[in-house]
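I opened the model today to look up two things.

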Amino acid sequence: MITQTQFDTIYRGLAAQGWERSYDEEHTMCLYRDRPNGRKCAIGHLIADEDYTVDMDAFDTSSGCFTLVNFHQRDLLMDMTSDEFQLLQQAHDNNEYPAEMKAAFEDIALDLGLVIPS
């Protein structure tokens, strides 16, 4: 279950970066960590710096990007369900414009009974 603390971390983190996606233009894909620009995606804000590794954002499609199963194998995000993981990823990945992304996360808060942090 997405906790209020997790949601606060995500919401505040995305707001601090202007609701801009963590995105790689060359490979045209979203990233957990946008290393050149320092942005993070929703899930990226939940990964502690000491737990993050660059293979989480693999460009090699044979290995693919990390999934919730991969995070669970590293004892990360253990309390999150697959549906919640996908919900957060899609709200980030599918909303190119900051206002759209912010609205998507406000909808998540409403749907899950979470409070939008001040």
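I began with what covers the buried residues of α4: the cover includes α1 and α3. I took contact as heavy atoms within 4.5 Å. Buried means under 20% relative accessible area, exposed over 50%, and partly exposed in between, with a 1.4 Å probe and protein chains only. Helices (H or I, at least four residues) and strands (E, at least two) are DSSP runs, numbered from the N terminus.

A note on the source: this is a predicted model, where local features need pLDDT of at least 70 and side-chain atom pairs count only at pLDDT 80 or more, while totals for chains, interfaces and linings use all residues. Residues are numbered from 1 along each chain as its sequence is written, and side-chain values use heavy atoms, with hydrogens and water left out.

**Helix α4**

Which residues of α4 are buried? I found Met 101, Ala 104, Phe 105, Ile 108 and Ala 109. They cover an arc of only 140° around the axis, so they sit on the same side of α4. The arc is taken from the directions from the helix axis to the C-beta atoms. On the other side of α4, I noted Ala 99, Leu 110 and Asp 111 as exposed.

I also checked the length of α4. Its 15 residues should span 21 Å at 1.5 Å a residue, and its end C-alpha atoms are 21 Å apart, which agrees. The expected span is 1.5 Å times one less than the number of residues. Just after α4, Gly 113 takes a positive phi of about 70°.

**Helix α3**

Buried in α3 are Glu 84, Phe 85, Leu 88, Gln 89, Ala 91 and His 92. Their arc around the axis is only 160°, which puts them on the same side of α3. Their cover includes α1 (4–16), β2 (29–30), β4, α2 and α4 (98–112).

**α3 against α4**

How do α3 and α4 pack? Their angle is about 155°, with the axes 8 Å apart. That makes α3 roughly antiparallel to α4. Axes are lines fitted to C-alpha atoms, for helices over the stretch in contact, and angles run from 0 to 180 degrees between N-to-C directions. Under 35 degrees counts as roughly parallel, over 145 as roughly antiparallel, 65 to 115 as roughly perpendicular, and the rest as oblique. On the α3 side, the contact uses Leu 87, Leu 88, Ala 91 and His 92. On the α4 side, I listed Met 101, Ala 104, Phe 105, Ile 108 and Leu 112.

**Salt bridges**

How many salt bridges does the structure hold? I noted 7. The cut-off is a side-chain nitrogen of Lys or Arg within 4 Å of a carboxyl oxygen of Asp or Glu.

Asp 34 pairs with Arg 39 at 2.7 Å, N to O. Asp 34 is buried at 2% relative accessibility, and Arg 39 is buried at 18%.

Asp 57 pairs with Arg 35 at 3.7 Å, N to O. Asp 57 lies in the loop between β4 (39–40) and α2 (68–73), and Arg 35 in the loop between β3 (33–34) and β4, so the pair ties together parts 22 residues apart in sequence. Asp 57 is buried at 1%, whereas Arg 35 is partly exposed at 42%.

Asp 49 bridges to Lys 40, with the closest N and O atoms 3.8 Å apart. Asp 49 is exposed at 55%. Last entry: salt bridges that share partners join Glu 20, Asp 34 and Arg 39 into one network.
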